[in-house]
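The sequence and the structure come first.

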Amino acid sequence: MIRKLNGLSQAQMAARLQVSTSLITKIETGERRCLPKLAEKVTQEFGAEHIRQVAELTK
């Protein structure tokens, strides 16, 4: 959801977070969990307040 709301492709999101595109795909499809280290990168990249807003939209 964060990726889509920011208008990013999976490849762009992966590049911003310095992970593989396949990892982004697997997380989005539920095949893999987002581990705490990656969650921290997401928070640093997009900001905690932005992530809270996205979470509210998805409730």
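R3 is buried, with a relative accessible area of 11%; buried means under 20%, exposed over 50% and partly exposed in between, with a 1.4 Å probe and protein chains only. The model is predicted: local features need pLDDT of at least 70 and side-chain atom pairs pLDDT 80 or more, while totals for chains, interfaces and linings use all residues. Residues are numbered from 1 along each chain as its sequence is written, and side-chain values use heavy atoms, without hydrogens and water.

R3 belongs to helix α1, residues 2-5 (a helix is a DSSP run of H or I of at least four residues, numbered from the N terminus). Its side chain reaches the backbone oxygen of L8 at 2.8 Å. Beyond residues up to four places away in sequence, R3 touches L8, S9, Q10, M13, I24 and E28, where contact means heavy atoms within 4.5 Å.

Q18 lies in the loop between α2 and α3. This residue is not a glycine, yet has a positive phi of about 60°.

| Residue | Relative accessible area | State |
|---|---|---|
| R3 | 11% | buried |
| Q18 | 65% | exposed |

The lining of the largest pocket has eleven nonpolar, no polar and two charged residues. Nonpolar covers Ala, Val, Leu, Ile, Met, Phe, Trp, Tyr, Cys and Pro; charged covers Asp, Glu, Lys and Arg; the others, Gly among them, are polar. At least two lining residues come from each of α1, α2 (10-17), α3 (21-29) and α4 (36-46).

Note on methods:
A polar contact is a pair of N or O atoms within 3.5 Å; within protein, one must be able to donate a hydrogen and the other to accept it, and residues adjacent in sequence count only if both atoms are side-chain atoms.
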